[in-house]
Amino acid sequence: MTKIKTRQKIKRKRVTFSLENAEAKEVFLMGDFNNWRPEKHPMRKDKNGTWKKQVMLSPGNYEYKFLVDGNWITDTKNDHSRRNDYGSFNSVIMVSPWQK
C-alpha cells in the first residue's frame, strides 16, 4: 500500500517592513515572529531616511512593532492592529499563502 502525502510544504513569503523616520538613530523590527527580540531584525536606513527590513514569513497573522531609539512605535501605514497586554496596540500583518 502506498502512502499518500496529505501535507504540502508551506512556502514562506518575503515581506518588506518599512518606516519613514530620517531622524532615528536605530530601529528594530520586533514581533511574535522573532519572539520580540531586537537583535533578530535590526533595520537599515536608506538614503531617503526610510528604514527597511525584509523577512521570510510563513502564511498566518503576526503582531509587530518598531523599536525606534528605545520607543515602541506602531506601523502608521498599517490600519490593522490588536490591543496588547500592556494597554497599547500592536500592528498586525496577514501573510496569505497566495501572496507573491
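## The β3-β4 hairpin and its sheet

Strands β3 and β4 form a hairpin with four residues between them, and G49 in the turn has a positive phi of about 85°. Strands here are DSSP runs of E with at least two residues, and helices are runs of H or I with at least four residues, both numbered from the N terminus. The structure is a predicted model, in which local features need pLDDT of at least 70 and side-chain atom pairs count only at pLDDT 80 or more, whereas totals for chains, interfaces and linings use all residues. Residues are numbered from 1 along each chain as its sequence is written, and side-chain values use heavy atoms, with hydrogens and water left out.

Two antiparallel bridges join β3 to β4 (residues 50-57); two strands count as paired if DSSP finds at least two bridges between them. Within this pairing, K45 has W51 as its bridge partner in β4, and R44 stands opposite K52. On the other pairing of β4, eight bridges link this strand to β1 in the antiparallel sense, with V15 opposite V55 of β4.

Strand β5 (residues 60-68) is largely enclosed by the rest of the structure, because seven of its nine residues are buried. Buried means under 20% relative accessible area, exposed means over 50%, and partly exposed lies in between (1.4 Å probe, protein chains only).

Strand β6 (residues 71-73) is joined to β5 by three bridges in an antiparallel arrangement, with V68 opposite N71 of β6. The hairpin of β5 and β6 has two residues between the strands, and D69 takes a positive phi near 50° there.

## Loop residues

Most residues other than glycine have a negative phi. W36, placed in the loop between β2 and β3, has a positive phi near 60°. N35 is exposed, with a relative accessible area of 59%, whereas W36 counts as partly exposed at 29% relative accessibility.

The loop between β4 and β5 contains P59, which counts as partly exposed at 26% relative accessibility. P59 and S96 are 37 residues apart in sequence, yet their C-alpha atoms are 5.1 Å apart in space.

## The largest pocket

The largest pocket has a volume of about 210 Å³. A pocket is an open set of points on a 1 Å grid over the protein atoms alone, where a 1.4 Å probe fits and protein lies on both sides within 12 Å along at least five of seven lines; lining residues have an atom within 4 Å of a point. Grid points are joined across faces, edges and corners, and the volume is the space filled by probe spheres set on the points.

The lining consists of W36, E63, K65, W72, R83, N84, D85, Y86, S88 and N90. These residues divide into three nonpolar, three polar and four charged. In this scheme Ala, Val, Leu, Ile, Met, Phe, Trp, Tyr, Cys and Pro are nonpolar, Asp, Glu, Lys and Arg are charged, and the others, Gly among them, are polar.

## The chain as a whole

The protein chain has zero helices and eight strands, and its pattern along the sequence is β-β-β-β-β-β-β-β. Of its 100 residues, 35% count as buried. Among contacts (heavy atoms within 4.5 Å) between residues at least 6 apart in sequence, 64% join residues at least 24 apart.

The accessible surface of the chain comes to about 7800 Å², of which 47% belongs to carbon and sulfur atoms. Accessible areas come from the Shrake-Rupley method with a 1.4 Å probe, and for residues only the protein chains shown count as cover.
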